[in-house]
Amino acid sequence: MSGVRVLVGTRKGAFILTSDEKRERWDVSGPHLTGWEIYHVKGSPADPNRLYASQSSGWFGQVMQRSSDGGKTWEAVDNKFVYDGIPGTHQWYDGTPHPWEFKRVWHLEPSLTDPDTVYAGVEDAALFRSTDGGKSWSELSGLRGHGSGPRWQPGAGGMCLHTVLLDPVNANRMFIAISAAGAFRSDDAGATWQPINRGLRSQHIPDPDADVGHCVHRIAMHPSRPNVLFMQKHWDVMRSDNGGDSWHEISGDLPTDFGFVIDVHAHEPETVYVIPIKSDSERFPPDGKLRVYRSRTGGNEWEPLSKGLPQSDCYVNIFRDAMAVDSLDSCGIYFGTTGGQVYGSADAGDTWAPIVRDLPAVLSVEVQTLS
């Protein structure tokens with residue numbers, strides 16, 4: 001079929017929402033992997049039937065799930081996370097291997113070209129790669145071996161590697177973000193890394209110009225312009241035009257520059273979306289009005305998008321992986337809330353409608369465009 005498949009991870013399982021190109025009627029499938037926290041679920045750009053899911057539990061730990069039929073069935077794959085040939089370890093800050101049981105996989109990023117290659121960003125912050133469909137994992141240890149690790153610190157949600165961006169033009173280039181360490185770039189396929197935080201300002205670290213220690217919530221790019229990056233920081237919405245070498249603020253006329261999600265229109269690389277949250281202590285929409293803000297100028301000038309969204313008594317939050325876009329001709333925008341709603345817009349944000357309500361708290365939203 002042609003249309004879209006929206007992949008939703010929640011506190012109590014995964015849900016799959018499918019529709020045709022009109023995106024007016026939706027089929028809701030789920031919950032899959034019932035009862036488990038599915039922190040992230042994402043499909044392979046190289047194979048629409050290959051999905052990966054991060055399943056975790058306080059009782060049973062982390063399990064990687066894989067589907068080869070678009071989410072109809074799932075299989076738990078072996079989780080052999082290895083550093084330097086030693087299973088169950090990773091490189092600690094001083095460069096030595098230590099036993100390690102991490103809390104969860106925060107983000108899965110499948111390869112753009114190979115359905116069996118997938119990256120995992122985890123807590124405590126580290127980056128792993130699998131080339132066998134998730135059966136075994138090796139740490140890209142150059143990140144933690146960079147030398148800045150002793151100055152990393154956990155954000156409110158833990159010290160998580162939550163964003164992985166793969167450059168569609170340069171296969172050797174990739175970007176990651178860690179809360180609360182900042183953004184990093186590799187130009188050699190993950191062997192070595194450098195911090196890319198120049199221009200960021202963070203109030204609660206001793207040196208406001210420090211190269212690491214910044215609480216980055218999310219970074220995004222348009223595939224046609226991988227050198228242009230957009231960032232939602234703990235405070236401040238930021239932009240880089242040189243692959244992260246320097247950043248400048250684009251918060252402009254937003255009602256608040258605190259938030260978690262940021263994304264870019266599929267066909268308009270200067271059209272950016274954020275969802276402002278009142279503050280780091282009051283994590284709900286300002287004035288109880290749920291509004292997406294759109295900039296058509298790459299930042300600074302923002303317009304509220306509210307048609308179809310609740311404009312009173314709305315006190316939900318939107319987590320950092322809970323917004324995504326499709327690539328249909330009229331770009332669709334989707335996001336999920338801690339109240340269990342998933343909203344969609346088939347007209348680039350001009351109007352919104354709930355696709356589904358009353359799910360468990362939504363942790364992630366990803367989209368596959370089907371053809």
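This is a predicted model: local features need pLDDT of at least 70, side-chain atom pairs count only at pLDDT 80 or more; totals for chains, interfaces and linings use all residues.
Residues are numbered from 1 along each chain as its sequence is written. Local features need pLDDT of at least 70, side-chain atom pairs count only at pLDDT 80 or more, and totals for chains, interfaces and linings use all residues, while side-chain values use heavy atoms, with hydrogens and water left out.

View 1. Strands here are DSSP runs (E, at least two residues), and helices are runs of H or I with at least four, numbered from the N terminus. The C-alpha trace spans about 55 × 50 × 40 Å along its principal axes. Of the 371 residues, 59% count as buried, meaning under 20% relative accessible area with a 1.4 Å probe, protein chains only.

**View 2. Here is the lining of the largest pocket, with 34 residues.** A pocket is an open set of points on a 1 Å grid over the protein atoms alone where a 1.4 Å probe fits, with protein on both sides within 12 Å along at least five of seven lines; lining residues have an atom within 4 Å of a point. Nearest the centre lie Lys42, Glu109, Pro223, Val325 and Val367. Strand E20 gives the most to this lining, with five residues.

**View 3. Lys233 sits in strand E21 (residues 225–233).** Lys233 is a buried lysine, at a relative accessible area of 3%. Beyond its neighbours within four places in sequence, Lys233 is in contact with residues including His214, His217 and Asp257. Contact means heavy atoms within 4.5 Å.

Conventions
Buried means under 20% relative accessible area, exposed over 50%, partly exposed in between (1.4 Å probe, protein chains only).
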